[in-house]
Each structure stands twice: as C-alpha cells, then as structure tokens.
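I opened this notebook to record what I looked up about helix packing and aromatic rings. The entries follow the order in which I checked them.

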Amino acid sequence: MANWLSAHTSAITIWCGAISTFAIYSVLYAENKFYRFFEHVFIGLASGYGMYVTWNEVVYPKWWKLMVNDGQWYWVFAAVLGSMFYFMYSRKHAWVSRVIFGLFMGLGAGGAFREFYQIYFPQIGASMKPITGGGMTVWDTLNIVVFYVILFASMSYFFFSFDHKSSAIKHTAMAGRWFLMIGFGAMFGATVMGRMTLFIGRFNFLVNDWAPQARSDWSSGIFRALVSLFALVLIVMIVRAVRRPKAKHE
C-alpha cells in the first residue's frame, strides 16, 4: 500500500485538487452538502496550516527556544499574559481577559498610527507636485492638473463647513461625487479581476494538469468504474440537496 501511494503521489494530488475545485465551484449551481464538506475540509486545513506556521515561525523560535534552550526564563511571563485571553470564557473572571485585550488594542492602535504616519504622510507630501519646471512636458503638466482637479473636487464633497447652495461649490461637489463613484467602480473592477484571476488559475490547472492525468487513467477499467460510481453518488447528492429546499417551500 505504501509503495502504491508513493508511486501514485502525483496522480492522487492532481485528483484531490480537481475534486476539490469542482466541489467548491458547485456552489455556483446551488448550495449542497458536497460544497459544505469541502468547505469544512478547506477551513480545517487552513487552520491546521496556520497553527503549524504559528508554532514553527513564531512561537518556537521567538519564545520556546529562548525560554528552554537559551535559558531566558523570564519569557515564561509571556505565557502568563497569553493565558489571560482564556478568561473570556469565565463569567466571574472575564475582567482578566479585558485587561490583556485592552493592552493589545492599545499596542495595535499605536502601531497602526505609526504605520499610517510612515507610509501615507510621505505619499501625501509627494502628491503635491509643481505643475511646471524641472523639464516637465505638456502631458506631465496636464496629468498633474487633472490630479489636482479630482483631488479638490473630491475633498469639496466632504467639506461641510459651509453651505453647498453656492453654484460653484455645488457643481464642484457633484463632480467630486462622480469622481468618487468612478474610483469605487475601478476598485470593484479590480476585485472582480482578482476573482477572475483565481478562476483562471484553477481552470488552467484543470486543463493542463488534470485533463491529461484523467485521459491517462481512463484506460484502466477499475478507474472507469470508480469514476462512474463517484459521479453517480455526486449527482444524487446534488439533486437531493437542490430538491429539498423546493419541497419545503411547497
């Protein structure tokens, strides 16, 4: 058995990937148990992999190794602080967990503000560019002018310190609203393209990896019987899962 698994590791991996892909995309037709099962498998694998990465790259080298192998015993207090999170499951001592939650929220807020200052403040300053000089071409100047027009129009939409009844302010704010809608549309388009990129990756795997493997395995009679049985069970499960909600509505 071990020798057979070792000889067919590549084929088993490809088939597992193909079945998982079909199972996850089956939700596009309807909610079904086949999709739910592989969704739970995916979440379980991701959780297990996350725990492995956490132990292998964070907990062991930065805490356990220092405390046990290098003799830095004071790292044991980190375990005390970490165990304080679990008091959230106790109604009587839940206040202990709030202490550590408050501490980490403060640390997170401070780190986020420092990151925002270091990343976005230079970008804001770099956005304020001159429109002439420095060997700039006409197109460079036009590009910067368009940037300033969109920037100030978008900012005027959120500027509520004075009334927007003035014709100039009203139309500028309206233009800013249109610019924002265009920007949000571009962001949504990028999100859709990200999903399409994931689909193209899986489609490429099915065409270039799984299809040649399936053609190669189809020559075996046992394989054809197993695939037929699996397809029959899968179709029955999906049909039953789809018909059950309709029966409840009737």
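Before reading off any angle, I noted that axes are lines fitted to C-alpha atoms, for helices over the stretch in contact, and that angles run from 0 to 180 degrees between N-to-C directions. I also kept in mind that this is a predicted model.

Entry one, helix packing. I looked up helix 2 (residues 9-25) and helix 7 (residues 167-217), and found that their axes come within 9 Å and cross at roughly 130 degrees. That angle makes helix 2 oblique to helix 7, and the crossing of these two helices is left-handed.

I then listed the residues that meet: on the side of helix 2 they are Ala11, Ile14, Trp15, Gly17, Ala18, Thr21, Phe22 and Tyr25, and on the side of helix 7 they are Leu198, Phe199, Arg202, Phe205, Leu206, Asp209, Trp210, Gln213, Ala214 and Asp217.

Entry two, aromatic rings. For Phe34 and Phe38, I noted ring centres 5.1 Å apart and planes at 75 degrees, so the pair is edge-to-face. Both residues lie in helix 3 (residues 33-69), where, being four residues apart, Phe34 and Phe38 are separated by about one helical turn. I checked their accessibility as well: Phe34 is buried, as is Phe38.

Which residues do ring pairs link into a cluster? I found Trp55, Tyr60, Trp63 and Trp64 linked in this way.

Note on methods. Residues are numbered from 1 along each chain as its sequence is written. This is a predicted model: local features need pLDDT of at least 70, side-chain atom pairs count only at pLDDT 80 or more; totals for chains, interfaces and linings use all residues. Side-chain values use heavy atoms; hydrogens and water are left out. Angles under 35 degrees count as roughly parallel, over 145 as roughly antiparallel, 65 to 115 as roughly perpendicular and the rest as oblique. A crossing is left-handed if the near helix is turned anticlockwise from the far one by less than a right angle, and right-handed if clockwise. Contact means heavy atoms within 4.5 Å. Rings of Phe, Tyr and Trp (its six-membered ring) pair if their centres lie within 6.5 Å; planes under 30 degrees apart count as stacked, over 60 as edge-to-face and the rest as tilted. Buried means under 20% relative accessible area, exposed over 50%, partly exposed in between (1.4 Å probe, protein chains only).
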